[in-house]
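Here is a short briefing to read alongside the structure on your screen. Let's walk through the side-chain contacts together, topic by topic.

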Amino acid sequence: MPPIFVNWMIAAPEAIFLYIPLMKELGMDWSEIKASTKQELEGLLYGLSQYNKYHQFDGYDDKDISEMAKNKPQIRSDYYKYVELKDEYDIRMGVKRPEKTFNIGNMAK
């Protein structure tokens with residue numbers, strides 16, 4: 001009979017959605033996870049999620065996305081979300097400046 005901890009890890013969603021990603025993707029060990037607050041762990045997971053979204057289409061261009069979207073149309077909307085997120089972070093990091101927009105109403109005054 002497996003130990004209680006093993007049964008809990010098999011049955012608990014936290015194992016799949018919290019502990020395993022922290023261990024696998026961030027290289028945290030069990031003692032580091034237990035020593036962290038829930039808020040810290042949620043912040044790390046959110047950061048990991050944003051990182052994965054930020055890099056999910058690296059290396060692909062519009063032509064590649066159009067080709068893949070022929071079989072899976074959802075890819076196109078995922079790609080546009082990726083581009084928006086990438087632009088947002090590029091602006092925050094100062095890599096890309098926000099585009100200037102002109103308001104015609106202000107020019108007429």
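In this predicted model, the side chains of Arg92 and Glu88 come together in a salt bridge, at 3.0 Å from N to O. Both residues belong to helix α6, where they sit four residues apart, about one turn of the helix. Side chains of opposite charge can pair when their charged atoms come close.

**Salt bridges**

- The structure has three salt bridges, and the one between Arg92 and Glu88 is described above.
- Arg92 counts as exposed because its relative accessible area is 58%, over the 50% cut-off.
- Glu88, in contrast, is partly exposed, at 36% relative accessibility.
- Lys38 and Glu42 form another salt bridge, with an N to O distance of 3.9 Å.
- Because Lys38 and Glu42 are four residues apart in helix α4, about one helical turn separates them.
- Of this pair, Lys38 is exposed, with a relative accessible area of 63%, while Glu42 is partly exposed at 43%.
- A further salt bridge joins the side chains of Glu67 and Lys70, at 3.2 Å from N to O.
- Lys70 is exposed, at 60% relative accessibility.

**Around Tyr89**

- Tyr89 is partly exposed, with 22% relative accessibility.
- Gln50, which is found in helix α4, reaches Tyr89 through a side-chain polar contact of 3.3 Å.
- Gln50 counts as buried because its relative accessibility is 11%, under the 20% cut-off.
- Setting aside neighbours within four places in sequence, Gln50 is in contact with Leu85 and Tyr89.

**Aromatic pairs**

- The model holds six aromatic pairs.
- One of them is Tyr54 with Tyr89, an edge-to-face pair with 5.9 Å from centre to centre and 80 degrees between the planes.
- This pair connects distant parts of the chain: Tyr54 is in helix α4 (residues 38-55) and Tyr89 is in helix α6 (residues 74-92), 35 residues apart.
- Tyr54 is buried, with a relative accessible area of 14%.
- Phe57 and Tyr82 also pair edge-to-face, at 5.4 Å between centres and 65 degrees between planes.
- Here too, distant parts of the chain are linked, as Phe57 is in the loop between α4 and α5 (62-69) and Tyr82 is in helix α6, 25 residues apart.
- Both Phe57 and Tyr82 are buried.
- A single aromatic cluster takes in Phe57, Tyr60, Tyr79, Tyr80 and Tyr82.

**Nonpolar cores**

- Which residues make up the largest nonpolar core? There are seven: Leu18, Tyr19, Leu22, Met28, Ile33, Leu41 and Leu45.
- Helices α2 (13-26) and α4 are the elements that give two or more residues to this core.
- The largest share, three residues, comes from α2.
- Leu45 touches Phe17, Leu18, Pro21 and Leu22, leaving out residues up to four places away in sequence.
- Another core, of five residues, lies apart from the largest one and includes Phe57, Ile65, Tyr79 and Tyr82.
- Phe57, Tyr79 and Tyr82 are also members of the aromatic cluster.

Note on methods: Residues are numbered from 1 along each chain as its sequence is written. This is a predicted model: local features need pLDDT of at least 70, side-chain atom pairs count only at pLDDT 80 or more; totals for chains, interfaces and linings use all residues. Side-chain values use heavy atoms; hydrogens and water are left out. Rings of Phe, Tyr and Trp (its six-membered ring) pair if their centres lie within 6.5 Å; planes under 30 degrees apart count as stacked, over 60 as edge-to-face and the rest as tilted. Buried means under 20% relative accessible area, exposed over 50%, partly exposed in between (1.4 Å probe, protein chains only). A nonpolar core is a set of buried Ala, Val, Leu, Ile, Met, Phe, Trp, Tyr and Cys residues joined through side-chain atoms within 4.5 Å. Contact means heavy atoms within 4.5 Å. A polar contact is a pair of N or O atoms within 3.5 Å; within protein, one must be able to donate a hydrogen and the other to accept it, and residues adjacent in sequence count only if both atoms are side-chain atoms. A salt bridge is a side-chain nitrogen of Lys or Arg within 4 Å of a carboxyl oxygen of Asp or Glu.
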